[in-house]
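Colleague: I have a model open and would like to learn how to read some of its features. Could you walk me through a few?

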Amino acid sequence: MMTHLWTIAQLELTAAVRLRWIRLLTVAFALLAAAAAYSAGAANEVSGAEGFARTTMALVPVVLVLVPLAALILGVSGQASEPGSEPFLFGQPVSRATVLVGRWLGESVALGSAIVTGLGIGGAIVAFGSGADGVPRFVCFVLASVVLATIFLSIAAAIASATDKRVVALGVATFAWFFFVLLYDGAALSLAGWLTGSLGGRILFGSVFGNPADLIRVVALSVAGAPNVLGAAGDAWVRFLGGATSAAVVSMVALAVWMIAPLLVGVRLISTRDL
Amino acid sequence: MKRRTALIVVVLALAAARADARTWLVGGDGADFPLIAPAIAAASAGDIIRVRGGVYREDLVLDKSITLAGEGHPTLFGTGLGSVITITAPGCEVSGFTIEGSGLGETNEMDAAVQVRSNGNRIVDNTMRRVFYGVVLADAMRNEIADNEIQGLRDLAFGRRGDGIYLYRAPENFVARNRISGERDGIYFQYAPRGRAVDNVVSDSRYGLHDMFSDDAVIARNTFSDSVVGANIMNSRRVRLEGNTISRNRGVPGIGLTLKDCDESTIRNNQISGNARGLLLDGSSVNRFIGNTFRANDTAATLFSSAEQNVFSGNQFVDNWSDLVLSGRDSGTHWSADGRGNYWSRYRGFDFDGDGIGDAPHPLVGAFERLEGANPVARIFLQSPAAAGLELAARLSGHPADDAMDDHPLVRHSQPAAPGSSRPSAGIAGVAALFIIGRALRHPKRLAEKITASLFPGSPRNDPCSR
């Protein structure tokens, strides 16, 4: 069972690494991270910790746009593969759950490596330019980006399992990207003007949990951004979650749920689907 | 001018006493006294007491105009009750000492390393370690406090520390080149008009500079960094802040410069960078902000609607996450003077006629900052891609007419942004790394095998695709 999982993960990883756009994505991440490092002044004029914080701040929106998009496309095209290959693979003596989770694992490793490599180059530039002070926090940011990728790969697995056709799945994935990255926050921001007072604040804070991209953004900014960059709102957020430790635990658990729940939904759907 | 008058008075006083002035030696071989207090008792006005290196455990009261000169950094260790040195006579000088062991304010006194209660004294070149207050000037005028190093009780909460240099009902004093850290307020002018603080460095305190009910203060070329608030000016008028560096004052309440109920002040050529909020204007009106640089602050300036008729001209707003947050309506701030606005690194307009002024006005408050002004909780959506979308939409749809605008935005930095200290090693490292990645990616299959082999050591070695 576990051997099968590894084999399928390896299969998926090989397929993913062979994709030219994944390689281009790595280079794109590296270039963007380098650009962010230079535009943040991190390459010369500020201290290491400040340089990393500013680079992180500049990279957050980029990562939030690119990583979910890449994850959804890679996930959907991997899970809902070419017509014809599907019956062959599912005809083998492996459970459908193993295939789904194995593919997710392989894709996670592929995209995760692309992110770590790309952002790592940006980090290296900052470290060379202004000192290694602040590396641990930048590593946290890179890890958060990888977690973001695994979450959206998991969502992609659910989408692919819920649809029969690859084209439909890609369409739904595109909408999911648009929804989580732009629509959701746009709606929340549009309502923010009215959602004042303590109830309004709680609704806005609660809304962060409804979108993994938001959750990753808040976690990344709090951990790796400029100290207290979220200001009084960040302070209120920590109090809303019952203190610093509790906030960390709640955020971790919520991220884990976002990673695992769509996968379970996907397993359930594909197990009962008529192929 | 007044200071010079004071100096002349002191010199004349010393000259008058000159006739029978003598020098006393304290500590070491052939000294007149082993301790300082008996020397003070024996001395008369105009005398000099030279104190040699060593540790002296005593509190001193300077009740006659004498000079106390430490040679070889003698340590004066107080009894831990009250102030270590109290000066009640005018025209004294204390220099060259390391002073420790002040009281901790248990008796609600202003326990200090040096407490000054008279005029025309000089406290120069001393080190004060782990003291409650460093120097207190109470009902004291025209004193000079210069070149001292003052370290407070940094392990205690701010509320249990004293201030570095506290001037209470003490006008026209001169505070220069002191280095202060770990105190509550670095330099605190309270009911101390016409004071001057120049070239001081304050860090790791609550407020670097605190100014209350002290009109006409001159605050120049100081560095106020790494505190909760860099400079906090309250209830004062005609204050001049020039050429100060105010940086990295962070934390949730962190602010570089606060003006609260301050009017007609001039804030010129200061560097305000890396603060949570660069400037907070609350209930302060008719102040002029000229030629300051606001760089890399989370929010460069926050203006409450109670701040009226302030003028900003020739300032530079560079690389701040937000330039301006208006809490409530903007009440007549002038964002340009005589056709000269400010430089904004966010400005997206052009200067086709080449006169250095952008052709289109610059809207100052972004869509996100506007939301944040209406609901501070909205900041939790900082750096969301949707916030950038909102900004774009707002730009396309045009801004409301009553918005805060810089009608004459400058398109050039008025001075070079930073010395060209760019390090080539970073660029070389980047290029080299990209090259290596490029090479590795040319052989995806081998790369995949390597990754899987290192991640899943138990898995079959061969490529599953080739089976």
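Modeller: Gladly! Let's begin in chain B, where D216(B) sits in the loop between β22 and β23. Keep in mind that this is a predicted model.

Colleague: Why does D216(B) count as partly exposed?

Modeller: D216(B) has 16 C-beta neighbours inside 10 Å, so it counts as partly exposed; buried would take 20 or more, and exposed 12 or fewer. F213(B) is partly exposed too, because it has 15 such neighbours inside 10 Å.

Colleague: Let's turn to a helix. What span should α7 of chain A have?

Modeller: At 1.5 Å a residue, the 27 residues of α7 (residues 166-192) should span 39 Å, and the end C-alpha atoms are 37 Å apart, which agrees. Along the way, α7(A) bends by about 45° at F179(A). Its buried residues include W177(A), F180(A) and V181(A).

Colleague: And which residues of chain B have a pLDDT below 50?

Modeller: Where pLDDT is low, the predicted coordinates should not be read in detail. Chain B averages 86, with 83% of residues scoring at least 70. Residues 416-423 of chain B are below 50, with nine contacts beyond near neighbours in sequence. Residues 459-467 of chain B also stay under 50.

Note on methods
Residues are numbered from 1 along each chain as its sequence is written. Chains are lettered from A and ligands numbered from 1 in the order in which they are written. This is a predicted model: local features need pLDDT of at least 70, side-chain atom pairs count only at pLDDT 80 or more; totals for chains, interfaces and linings use all residues. Helices (H or I, at least four residues) and strands (E, at least two) are DSSP runs, numbered from the N terminus. The expected span of a helix is 1.5 Å times one less than its number of residues. The bend at a residue is the angle between axes fitted to the seven residues ending there and the seven starting there. pLDDT is the predictor's confidence in each residue, from 0 to 100. Two residues are in contact if their C-beta atoms, placed from the backbone, lie within 7 Å.
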